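Please read the following report alongside the sequence and the model. It takes up a few local features in turn.

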Amino acid sequence: MRYSEGADLDPSGVQDRRGGGFGGGRGLAVGGGGLGLVGVLVLVLFQVLGGGGGGTGAALGQLGGQLGGLGEGQTADNTQLEQQCRTGADANESVDCAVVADIESIQDYWSGVLGPDYRPTDTVFFNGSVRTDCGGATSGSGPFYCPADRLVYIDLSFFDTLQQQFGAEGGLFVNAYVIAHEYGHHVQNLLGINQQVTPGETGPTSGTVRLELQADCFAGAWANHAETVPDESGQPLIAEITQDDVDRALDAAARIGDDFIQQNLGGGTVDQDAFTHGSSEQRQRWFSTGYQTGDPAQCDTFATDDLG
Ligand SMILES: [Zn+2]
């Protein structure tokens, strides 16, 4: 994956709440920087809540309001990103700047698809832990979308976790897939799709799994258009996505499938009734459906009996 060298980057879609100096402070992840079993469970739980229906989100939001005060002072400071991430050349050099470019490209894409129905939203970069309108979260939660405040949250150390704990090949396009998946949840929220899902429901054909597979498909649809979708200046931010990039995204999709996680990072046995995100094969299939068709209308995981 290569970004267009001369393209202008705009970090205004990020709220950098990492605080405390430049470059350091990445090591606060729960479980010694890794995603231990507890981390995985928290991840699954939180994403069920975070990605689930508005009811849960709203309830958690109220709770967040009652707990207000905690986490204040975690204000955004984009100074570093503004200095560091100016052009596509910077995105080719720095993971942080690449994510800035991804966020722009993904939102430019959805603005084109949905027109005024698309409302841009920010991604929060955090270190260690963060407060949200869906409650508090730690790095162990993995990246997530909070419907109550409509923000995407990520501790960028998750990209290292994907490689080190999950054994993924990784790479800039894998990171972009992760971000595009979370923005897929934002699109679902804007369109009211998550209201079709009963919060906490699990299992291979559950609404929760359908929601997650659709977010994968939406990520693929963006990826199909990533080399052509224009930014504000009319130039695509992304110059090239290779077959190797796509293969790496499919590798990552397989490693965050419920069956892979249960077998390799959980208790060792596969329990389909506990599925929240879909199997490795399903996740690959729906990313591919989006990527090959480039058509979000093909991502209606709620309308099919055949989830793969
Ligand atoms: Zn998700």
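Q165 is found in the loop that joins helix 6 to helix 7, where helices (H or I, at least four residues) and strands (E, at least two) are DSSP runs numbered from the N terminus. The model is a predicted one, in which local features need pLDDT of at least 70 and side-chain atom pairs count only at pLDDT 80 or more, while totals for chains, interfaces and linings use all residues. Residues are numbered from 1 along each chain as its sequence is written, and side-chain values use heavy atoms, with hydrogens and water left out.

The C-alpha atoms of Q165 and R255 are 9.8 Å apart in space, although the two residues are 90 residues apart in sequence.

| Residue | Relative accessible area | Class |
|---|---|---|
| Q165 | 34% | partly exposed |
| D155 | 4% | buried |
| H181 | 6% | buried |
| E212 | 2% | buried |

D155 lies in the loop between strand 7 (151-154) and helix 6 (158-164). Leaving aside residues up to four places away in sequence, D155 touches F126, N127, G128 and S139, contact meaning heavy atoms within 4.5 Å. For G128, the backbone nitrogen lies 3.0 Å from a polar atom of the D155 side chain.

Because H181 belongs to helix 7 (residues 172-191) and E212 to helix 8, the pair ties together parts that are 31 residues apart in sequence.

Helix 8 (residues 207-225) also packs against helix 11 (residues 280-293), their axes coming within 6 Å and crossing at roughly 35°; axes are lines fitted to C-alpha atoms, for helices over the stretch in contact, and angles run from 0 to 180 degrees between N-to-C directions. Among the residues that meet are L213, D216 and C217 in helix 8 and R283, W286 and F287 in helix 11. The residues of this contact divide into nine nonpolar, seven polar and two charged, where Ala, Val, Leu, Ile, Met, Phe, Trp, Tyr, Cys and Pro count as nonpolar, Asp, Glu, Lys and Arg as charged, and the others, Gly among them, as polar.

Notes
Buried means under 20% relative accessible area, exposed over 50%, partly exposed in between (1.4 Å probe, protein chains only). A polar contact is a pair of N or O atoms within 3.5 Å; within protein, one must be able to donate a hydrogen and the other to accept it, and residues adjacent in sequence count only if both atoms are side-chain atoms.
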